[in-house]
Amino acid sequence: MKTIRMYITGSVQGMFFRQFIDKTAKELKLKGFVRTLDDGRVEVVVEGRIEPVTEMIKRCKEGPRHSSVKNVEVQDMTNQGFDNFKVLSM
């Protein structure tokens, strides 16, 4: 089990970015959450098997169509024990 936090910067607001993350996490069977922070960054916390977590990082760096990801900062975390994946409000 691997748990990571990502901070994503770029043109990621108003581009259905959180919905893209939600769909991707569920497709990869990852648990955790996504939310937009006050400073405009998108925070993503996911946990699951190593291969799907690695794939999630790759897809976050690419982003959905019409987005422009400038940077993805990845931090390792201890397991959080999430039950599912959620899109959170600010």
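Modeller: Start with Asp 22. Its relative accessible area is 17%, and buried means under 20%, so Asp 22 counts as buried. Keep in mind that this is a predicted model. Asp 22 forms a salt bridge with Lys 26. Their closest N and O atoms are 3.1 Å apart. Both residues sit in helix α1, which covers residues 17-27. They are four residues apart, so about one helical turn separates them.

Helix α2 holds another pair. Here Arg 59 and Glu 55 meet through their side chains in a salt bridge, at 2.8 Å from N to O. Helix α2 spans residues 50-62. Arg 59 and Glu 55 are four residues apart in it, about one turn of the helix. Glu 55 has a relative accessible area of 25% and is partly exposed.

Arg 5 forms a salt bridge with Glu 43. The closest N and O atoms of this pair are 2.7 Å apart. Arg 5 lies in strand β1 (residues 2-11), and Glu 43 lies in strand β3 (residues 42-48). The pair therefore ties together parts that are 38 residues apart in sequence. Glu 43 is buried, at 2% relative accessibility. There is a further partner here: Arg 35 joins Arg 5 and Glu 43 in a network of salt bridges.

Why can such pairs form? Side chains of opposite charge can pair when their charged atoms come close. With a cut-off of within 4 Å between the side-chain nitrogen and the carboxyl oxygen, the count comes to eight salt bridges.

Conventions:
Residues numbered from 1 in each chain as written. Predicted model: local features only at pLDDT ≥ 70, side-chain atom pairs only at ≥ 80, totals over all residues. Heavy atoms only, no water. Helix = DSSP H or I, 4+ residues; strand = E, 2+ residues; numbered from the N terminus. Buried < 20%, exposed > 50% of the residue type's maximum accessible area, 1.4 Å probe, protein only.
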